[in-house]
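Subject: Structure handover

Hello,

Here is the structure I promised to pass on. Please open it first, then read the notes below.

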Amino acid sequence: APVGRHITLDFYRVPKAMAVALEDTPSPQKKVSSLIKQAGMTLLGHSCHVFEVQGITCVWLLSESHLSLHTWPEHGYAGGN
């Protein structure tokens, strides 16, 4: 029997302003951390890196698995799992 599900999300044609807004840390980090706790998952820690020109990569380590977020504003793309 499966223990869990792995879900990957890919978003295309993301408005640049929306992708860049995710770089406004720590606001998005706090929001995702809050949503994780509301979902009943156990947050062990997180790390985010905002790239010098643009874009962000974040990972939230959960006792159940992980959650990640990556943006490429110059390509109108965001994704994660």
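Predicted model: local features only at pLDDT ≥ 70, side-chain atom pairs only at ≥ 80, totals over all residues.

Disulfide

How many disulfides are there? The count comes to one disulfide. Cys-48 and Cys-58 form it, with their sulfur atoms 2.1 Å apart. That is inside the cut-off, since a disulfide needs the two cysteine sulfur atoms within 2.5 Å. The link of Cys-48 and Cys-58 is right-handed, with 120° about the S-S bond. What does the pair tie together? Cys-48 sits in strand S2 (residues 43–50) and Cys-58 in strand S3 (residues 56–62), so the bond joins parts that are 10 residues apart in sequence.

Are the two cysteines buried or exposed? Cys-48 has 24% relative accessibility, so it counts as partly exposed. Cys-58 is at 2% and therefore counts as buried. The cut-off for buried is under 20% relative accessible area.

Cavity

One cavity of 30 Å³ or more was counted. The volume of the largest cavity is about 30 Å³. Which residues line it? The lining is made of Leu-22, Pro-28, Gln-29, Cys-48, Ile-56, Cys-58, Trp-60 and Leu-69. Both disulfide partners, Cys-48 and Cys-58, are in that list. Helix H2 (27–38) and S3 each supply at least two residues of this lining. S3 gives the most, with three residues.

Next, the largest pocket. Its volume is about 640 Å³. The pocket is lined by 24 residues, and the closest to its centre are Ile-7, His-66, Leu-67, Ser-68 and Asn-81. Which elements supply at least two residues each? They are S1, H2, S3, strand S4 (66–72) and strand S5 (77–80). S4 provides the largest share of the pocket lining, with four residues.

Surface patch

Ile-7 comes up again here. Together with Leu-9 and Phe-11, Ile-7 forms a nonpolar patch on the surface. The three residues have about 300 Å² of accessible area together. Leu-9 lies in strand S1 (residues 9–11). With 44% relative accessibility, Leu-9 counts as partly exposed.

The loop between S1 and H1

Two residues deserve a look here. Arg-13 is found in the loop between S1 and helix H1 (16–21). What is the phi of Arg-13? It is positive, about 60°, although Arg-13 is not a glycine. Most residues other than glycine have a negative phi. Arg-13 is exposed, with a relative accessible area of 80%.

Val-14 lies in the loop between S1 and H1 as well. Is Val-14 buried or exposed? At 14% relative accessibility, Val-14 counts as buried. How far is Val-14 from Ser-63? Their C-alpha atoms are separated by 30 Å, and the two residues are 49 apart along the chain.

To recap: there is one disulfide, Cys-48 with Cys-58. The largest cavity is about 30 Å³, and the largest pocket is about 640 Å³. The nonpolar patch is made of Ile-7, Leu-9 and Phe-11. Arg-13 has the positive phi.

Best wishes

Definitions and conventions. Residues numbered from 1 in each chain as written. Heavy atoms only, no water. Buried < 20%, exposed > 50% of the residue type's maximum accessible area, 1.4 Å probe, protein only. Patch = residues over 30% accessible without salt bridge, like charges linked within 9 Å, V, L, I, M, F, W, Y side chains within 5 Å. Areas by Shrake-Rupley, 256 points an atom, 1.4 Å probe, with all protein chains shown as cover. Salt bridge = Lys/Arg side-chain N within 4 Å of Asp/Glu carboxyl O. 1 Å grid on protein atoms, 1.4 Å probe; cavity = no way out; pocket = protein on both sides within 12 Å on 5 of 7 lines; lining within 4 Å. Points joined across faces, edges and corners; volume = space filled by probe spheres on them.
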